[in-house]
Amino acid sequence: MIDTGNLDRAGSGTYVGLNCTWWDDNWQLTESDIRFNVTDEDFTYTPGSSTCDDNDCDVLSVMTHETGHTYGMKDKEDDINYYQTMFGTSFPCRSWARNLGRSDVKHLRSKYPE
Ligand SMILES: [Zn+2]
């Protein structure tokens, strides 16, 4: 399920988006829910345009990031992964997280080898 709503974070700000994923006893994915925090955040489909406000988060970047969690990827917080989709911070008016970075692809390939 994908929806919009509030995502308050006790005492430390808010989430832009959040993914809750469940697996069965055999680690088979059973459900993945993604919520966009439209209560506290603003979103755009045109992050590179002149109409993008300084606080607008790119819908497709957030969606790609949250979908990465569906596939078992975790947030990356180290500066070396700044431009990776799974970096744990959203950047307003930027769209680079729409496409997986090298580290993101390597992580996915290690989790799902051919
Ligand atoms: Zn994340």
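Helix H1 makes the biggest contribution to the lining of the largest pocket, giving five residues. In this predicted model, H1 spans residues 59-70 and carries both His65 and His69, two of the residues that coordinate the zinc ion.

**Zinc site**
- The zinc ion is coordinated by the NE2 atoms of His65 and His69 together with an OD atom of Asp75, at 1.9 to 2.0 Å, and along the chain these donors follow the spacing H-x3-H-x5-D.
- Because His65 and His69 are four residues apart in H1, about one helical turn separates them.
- His65 has a relative accessible area of 10% and is therefore buried, and His69, at 16% relative accessibility, also counts as buried, since the cut-off for buried is under 20%.

**Largest pocket**
- The largest pocket holds about 520 Å³ of space, and among its 29 lining residues those closest to the centre are Val16, His65, Gly88, Thr89 and Ser90.
- Two or more lining residues come from each of strand E2 (17-23), strand E5 (56-58) and H1.
- By residue class, the lining of the largest pocket divides into 11 nonpolar, 11 polar and seven charged residues.

**Second largest pocket**
- About 200 Å³ of space lies in the second largest pocket, whose lining is made up of Trp23, Trp27, Gln28, Leu29, Thr70, Tyr71, Gly72, Lys111 and Tyr112.
- The lining of the second largest pocket comprises five nonpolar residues, three polar residues and one charged residue.

Key:
Residues are numbered from 1 along each chain as its sequence is written. This is a predicted model: local features need pLDDT of at least 70, side-chain atom pairs count only at pLDDT 80 or more; totals for chains, interfaces and linings use all residues. Side-chain values use heavy atoms; hydrogens and water are left out. Donors are N, O and S atoms within 2.8 Å of the metal (3.2 Å for Na, K and Ca); water is not among the atoms, so sites may look incomplete. Buried means under 20% relative accessible area, exposed over 50%, partly exposed in between (1.4 Å probe, protein chains only). On a 1 Å grid over the protein atoms alone, a cavity is a set of points where a 1.4 Å probe fits but cannot get out, and a pocket is an open set with protein on both sides within 12 Å along at least five of seven lines; lining residues have an atom within 4 Å of a point. Grid points are joined across faces, edges and corners, and a volume is the space filled by probe spheres set on the points. Ala, Val, Leu, Ile, Met, Phe, Trp, Tyr, Cys and Pro count as nonpolar, Asp, Glu, Lys and Arg as charged, and the others, Gly among them, as polar.
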